[in-house]
Amino acid sequence: MQPFTYEKATDQAAAARAVAAEKTAKYLAGGTTLVDLMKLYVETPTKLVDIKRLPMAEIRREADGSISIGAGVTNSAVAYHELVQKEYAVLSQAILAGASTQIRNVATVGGNLLQRTRCPYFRDGISNCNKRTPGSGCDMATGFNRTAAVLGTSDRCVATYPGDMAIALLSLDAVVHVATDQATRKIAIDDFFLLPGNTPEKETSLSHGEIITAVSLPRIDGGTKQGYVKVRDRASYEFALASAAAVLWMDGGTITQARISLGGVASKPWRAKETEAMLAGKKPDSALFREAAAASLKAATPMKYNAFKPELATRAIERVLTELTQAA
Amino acid sequence: MSDENRFDPNVTRRELMAGAVAAGVAASVPAGLAFADEAAPAAVPAVGGSAVEMGVKLIVNGQPHALSIDPRATLLDTLRETLSLTGTKKGCDHGQCGACTVHVNGERALSCLMLAAQCEGDQITTIEGIANGDELHPVQKAFIDHDGFQCGYCTSGQIMSAVALIKEGHATTEDEVRELMSGNLCRCGAYPNICKAVMDAQGKLAGSGI
């Protein structure tokens with residue numbers, strides 16, 4: 001690791017000032033992503049401001065019925081929280097489908113949103129990678145790109161967004177709350193993540209020094225069916241090749257509204273809007289599921305080794321829809 | 001064989017290996033080129049420049065330690081190199097194998113992915129801290145009873161993970177044990193016996209309050 005100075009934040013405003021004051025300073029929460037990438041010299045902060053002990057570790061119901069999850073709440077605490085399991089089951093399922101208990105016990109909600117791609121050309125510290133070294137090129141595009149994204153990519157970057165939690169948050173229309181020492185703002189989860197475009201090194205709409213304080217989940221009106229399907233190279237403790245989160249509102253035997261998002265196949269958490277539109281107002285039907293799922297992969301741009309991904313993602317969507325609508 | 005190479009039951013494998021490495025270095029480096037300082041294990045390799053040490057107070061297995069460490073030192077390296085608690089193993093050092101699993105405030109965590117400085121004030125428990133004197137923890141005993149290992153390198157991580165898993169109470173079936181122990185890899189493939197050991201220990205610990 002590059003040498004750095006380490007300081008413990010005493011309060012949120014002081015932490016924000018400390019990071020804002022130094023361009024190469026970073027927040028340190030659980031550390032499960034950052035410490036790993038620092039060992040690889042992919043991340044080289046000169047200052048770490050430890051925010052683990054700040055009072056942001058609460059899950060509470062707000063007056064408007066939404067749920068606020070503090071940025072410092074661990075992934076395990078979210079996944080096993082009674083309110084989350086009862087009303088936002090897709091979030092619990094997605095978190096438990098990722099990493100291991102050891103990592104989920106330490107990784108925080110805020111940190112999870114900022115986890116970085118598992119693209120091997122990004123992590124190796126040697127290859128040309130526009131995300132790690134802007135302007136150097138993208139060796140993944142012409143290399144062994146089996147795990148690369150097929151949606152949302154650009155000429156500069158084909159890296160896949162790796163997480164599970166944010167895929168579920170997207171299907172729940174979550175809102176990210178951020179702050180500086182002066183002000184606060186809210187960012188819709190879909191706007192929080194950026195497409196790579198010409199600046200793949202910039203992955204979120206956070207400004208330097210802004211701190212994530214909480215993630216809120218809007219109230220879900222009426223009963224929903226929620227589920228997360230994840231397909232990967234081994235049964236557990238592995239990143240997704242394709243995953244699908246679904247939240248369905250049903251009225252009798254009809255799907256009145258669907259929110260579906262994809263992981264493992266896109267540059268950022270990906271909303272399957274074409275699928276959602278085709279399901280609204282329809283009755284569950286396997287041919288419809290197939291057609292609606294495929295519609296969201298029409299824009300896919302597969303490369304040499306990841307041509308299987310559009311079909312895999314299509315089937316992930318089909319499977320989650322089938323499981324949710326077959327369940328009693 | 002000379003006297004100094006005879007088996008000495010008081011020498012640990014680690015000390016023996018360190019001695020063998022030092023002997024190898026002494027034999028292969030020409031006189032005048034041996035650097036005494038380099039033979040000593042450094043807490044953290046000083047790659048990428050030096051760092052100013054900082055004071056950190058850690059509580060490990062109930063014992064407080066006031067340390068001066070490089071801010072870059074992970075909890076794993078600090079346990080092993082500074083506190084000589086080598087029961088916690090370094091496997092991949094990147095959060096992919098679980099060999100370094102310890103408990104932080106009773107919850108299992110990967111010591112390779114946390115800085116020691118982050119753990120100030122936390123209760124750290126390592127494999128050295130779970131037995132009751134000479135009496136093995138029931139999970140340790142179950143691993144022996146069920147032959148839950150071959151080479152043993154992943155075992156301390158497996159046991160620390162299993163002790164926490166049982167406390168968490170989310171795994172009642174063998175499938176659930178496999179899923180919730182998936183962060184601990186065993187390259188010997190002792191998984192069937194590890195599963196049996198965990199299930200057995202869980203049954204015996206049920207309601208025991210340990």
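Predicted model: local features only at pLDDT ≥ 70, side-chain atom pairs only at ≥ 80, totals over all residues.
Figure 1. The relative accessibility of A:F144 is 48%, so the residue counts as partly exposed; the exposed class begins over 50%. Apart from neighbours within four places in sequence, A:F144 is in contact with A:Y121 and A:Y305. A:Y121 is 23 residues away from A:F144 in sequence, and their C-alpha atoms are 9.4 Å apart.

**Figure 2. An open sheet of four strands in chain A.** The strands follow the order β9-β10-β11-β12, and their pairing is antiparallel. Strands of a sheet pair through backbone hydrogen bonds, either parallel or antiparallel. The edges of the chain A sheet are β9 (224-231) and β12 (270-271); each has a single partner strand, so one side of each has no neighbour in the sheet. Helix α5 (residues 89-96) of chain A packs on this sheet and touches β9 and β10 (242-251) of chain A. The direction of helix α5 of chain A makes about 15° with that of β9(A).

**Figure 3. The pairing of β11 and β12 in chain A.** Strand β11 (residues 254-263) of chain A is joined to β12(A) by two bridges, and the two strands run antiparallel. A:S261 has A:R271 of β12(A) as its bridge partner.

**Figure 4. Overview of chain B.** Chain B contains seven helices and five strands. Along the sequence they occur in the pattern α-α-β-β-α-β-β-β-α-α-α-α. Chain B has 210 residues, of which 40% count as buried. Among the contacts in chain B with a separation of 6 or more, 56% are between residues 24 or more positions apart.

**Figure 5. The mixed sheet of chain B.** Five strands of chain B form an open sheet in the order β2-β1-β5-β3-β4, with mixed pairing. At the edges stand β2 (63-69) and β4 (107-110) of chain B; each pairs with a single strand, so one side of each is left without a neighbour in the sheet. On average, neighbouring strands of this sheet are turned by 40° against each other, direction ignored. Strand β1 (residues 54-60) of chain B runs antiparallel to β2(B), and seven bridges join the two. Within this pair, B:V56 stands opposite B:L67 of β2(B). Helix α5(B) lies across β3 (101-104), β4 and β5 (123-125) of chain B, and runs at about 40° to β3(B).

**Figure 6. Helix α3 of chain B.** Six of the eight residues of helix α3 (residues 75-82) of chain B are buried, so the helix is largely enclosed by the rest of the structure. The buried residues in α3(B) are B:L75, B:L76, B:D77, B:T78, B:L79 and B:R80. Just after α3(B), B:S84 has a positive phi of about 55°.

**Figure 7. The crossing of α4 and α7 in chain B.** The axes of helix α4 (residues 138-145) and helix α7 (residues 191-205) of chain B come within 8 Å and cross at roughly 140°. The two helices, α4(B) and α7(B), are therefore oblique to each other, since only angles over 145 degrees count as roughly antiparallel. Their crossing is right-handed. From α4(B), the contact involves B:P138, B:V139, B:A142 and B:F143; from α7(B), it involves B:I194, B:A197, B:V198, B:D200, B:A201 and B:L205. By class, the residues of this contact are nine nonpolar, no polar and one charged.

**Figure 8. The crossing of α4 and α5 in chain B.** The axes of α4(B) and helix α5 (residues 155-168) of chain B come within 9 Å, with a crossing angle of roughly 125°. Helices α4(B) and α5(B) are therefore oblique to each other, and the crossing is right-handed. B:V139, B:Q140 and B:F143 of α4(B) meet B:T155, B:Q158, B:I159, B:A162, B:V163 and B:I166 of α5(B). This contact has six nonpolar, three polar and no charged residues.

**Figure 9. The crossing of α5 and α7 in chain B.** The axes of α5(B) and α7(B) come within 10 Å and cross at roughly 40°. This angle makes α5(B) oblique to α7(B). The crossing of α5(B) and α7(B) is right-handed. In the contact, B:Q158, B:A162, B:L165 and B:I166 of α5(B) meet B:I194, B:V198, B:A201, B:Q202 and B:L205 of α7(B).

Notes
Residues numbered from 1 in each chain as written. Chains lettered and ligands numbered in written order. Heavy atoms only, no water. Axes fitted to C-alpha atoms, helices over the stretch in contact; angles between N-to-C directions. Parallel < 35°, antiparallel > 145°, perpendicular 65-115°, else oblique. Left-handed = near helix turned anticlockwise from the far one by under 90°. Contact = heavy atoms within 4.5 Å. Nonpolar A, V, L, I, M, F, W, Y, C, P; charged D, E, K, R; others polar. Pairing = 2+ DSSP bridges. Buried < 20%, exposed > 50% of the residue type's maximum accessible area, 1.4 Å probe, protein only.
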